[in-house]
Amino acid sequence: MKFFDLHCDTAYLCYDKSLNFSDDTLAVTPQKAGKFDEWHQCFAIFIKDGIKNPFEYYKKAIDNFKNELKNKPSNLTPIFTVEGGLLIEDDLNRIEALYNDGIKALTLTWNGENQIAGGADTNIGLKNFGKEVIKELNRFDIFTDLSHLNKKGYYDALELANEPIITHSCLESVNVHRRNIDDDQLAALVQKKGVFGLCFYPVFLGEGDVFENIYKNIFHILDMGFEDYLSIGSDFDGALMDKKLCDISHITKLYQYLKSKNISEEILNKIFFTNAYNFFNKGKI
């Protein structure tokens, strides 16, 4: 099968914990993804709230992982993103630097506040500097990732972003959590032709069987008529996962489970690959 994942933290973890890309403790490795015929993986460089010298940290982390990819498997197309706009600090020129590094998406915040906006743990919307950041992201064809924003910041950013994306979130209609999005937010994203990456983090999915909770999210989105805008944003290596879906090798089991729930292969292939591929293809991968 083909698989396109909008978000994992493997690159960050490799640098932060001094691991190599084949370390078996990782959820995402070439070996664990070996069954995929074609594998497009977004590797996020995670910038923690409050970290000192965030841009320097980012540069070391991305250079480290690019070195890890020198002998990448033939089925892998790596894509780089940044989770946490703190690394911009007050320097708009850093967005061009991200572009030059091949960054395809920037998550504006993590859970706290930075110079761009406030995240899910705050009530702060998009700041004036944040508006300038989004204009620069638009100019360099870097996708504006709305994951982690609170509702006020979400709509502020969505209005300005040319190519908005949610790389890793779940639905509030299935499980109420400050990081999940409601139906109106999802519909507004679709209105702007953005794509939604469904996250596997059990805290966002809610209590109960992880496969069933993923199905509930997918069923609701399909019921809204948004089959062309739903993708996967696993959050592997960035969150404590259920043992049934603890690493990327279990994706084929999830696919088969969803197929057993009478979701057609045509729709499943859209969710697991085509929708994200089409969105990123507009961005000239």
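This is a predicted model: local features need pLDDT of at least 70, side-chain atom pairs count only at pLDDT 80 or more; totals for chains, interfaces and linings use all residues.
Student: Are α8 and α9 parallel, perpendicular or oblique to each other?
Tutor: Helix α8 spans residues 210–223 and helix α9 spans residues 251–260, and their axes lie 10 Å apart. The two helices pack at an angle of about 60 degrees. Angles of 65 to 115 degrees count as roughly perpendicular and those under 35 as roughly parallel. The relation of α8 to α9 is therefore oblique.

Student: How many nonpolar residues are in the contact of α8 with α9?
Tutor: The crossing of α8 and α9 is right-handed. From α8 the contact draws on Phe-211, Glu-212, Ile-214, Tyr-215 and Ile-218, and from α9 on Lys-253, Leu-254, Tyr-257 and Leu-258. By class, two of these residues are charged, no polar residue is present, and the nonpolar residues number seven.

Student: Are α5 and α6 roughly parallel or roughly antiparallel?
Tutor: Helix α5 covers residues 151–160 and helix α6 covers residues 183–191, with axes 11 Å apart. The angle at which they pack is about 15 degrees. Angles under 35 degrees fall in one class and those over 145 in the opposite one. The two helices are therefore roughly parallel.

Student: Which residues of α6 make the contact with α5?
Tutor: The crossing of α5 and α6 is left-handed. On the α5 side, the contact is made by Lys-151, Tyr-154, Tyr-155 and Leu-158. The contact as a whole has six nonpolar, one polar and two charged residues. On the α6 side, the residues are Asp-184, Gln-185, Leu-186, Ala-188 and Leu-189.

Student: Within what arc do the buried residues of α3 fall?
Tutor: In helix α3, residues 93–100, the buried residues are Arg-94, Ile-95 and Leu-98. Seen down the helix axis, they line one face, because their arc is 105 degrees.

Student: Which exposed residues lie on the face of α3 turned away from its buried side?
Tutor: The buried residues of α3 pack against α2 (54–68), β3 (76–83), β4 (103–107) and α4 (128–139). The face turned away from that buried side carries the exposed residues Asn-93 and Asn-100.

Student: Which residue with a positive phi follows α3?
Tutor: The phi of this residue is near 90 degrees. The residue is Gly-102.

Student: What is the relative accessible area of Ser-18?
Tutor: Ser-18 is not a glycine, yet its phi is positive, at about 55 degrees. Its place is in the loop between α1 (10–16) and β2 (38–46). Over 50% counts as exposed, so Ser-18 is exposed, with a relative accessible area of 67%.

Student: Is Asp-141 buried, partly exposed or exposed?
Tutor: Asp-141 has a positive phi of about 55 degrees without being a glycine, and is found in the loop between α4 and β5 (143–145). Its relative accessible area is 35%. Buried means under 20% and exposed over 50%, so Asp-141 is partly exposed.

Student: How far apart in space are Leu-6 and Ala-276, C-alpha to C-alpha?
Tutor: Leu-6 is found in strand β1, residues 2–8, and counts as buried at 0% relative accessibility. Beyond its neighbours within four places in sequence, its contacts include Cys-42, Ile-165, Val-195, Ile-232, Ala-276 and Phe-280. Leu-6 and Ala-276 are 270 residues apart in sequence, while their C-alpha separation is 7.5 Å.

How values were computed: Residues are numbered from 1 along each chain as its sequence is written. Side-chain values use heavy atoms; hydrogens and water are left out. Axes are lines fitted to C-alpha atoms, for helices over the stretch in contact, and angles run from 0 to 180 degrees between N-to-C directions. Helices (H or I, at least four residues) and strands (E, at least two) are DSSP runs, numbered from the N terminus. A crossing is left-handed if the near helix is turned anticlockwise from the far one by less than a right angle, and right-handed if clockwise. Contact means heavy atoms within 4.5 Å. Ala, Val, Leu, Ile, Met, Phe, Trp, Tyr, Cys and Pro count as nonpolar, Asp, Glu, Lys and Arg as charged, and the others, Gly among them, as polar. Buried means under 20% relative accessible area, exposed over 50%, partly exposed in between (1.4 Å probe, protein chains only). The arc is that of the directions from the helix axis to the C-beta atoms.
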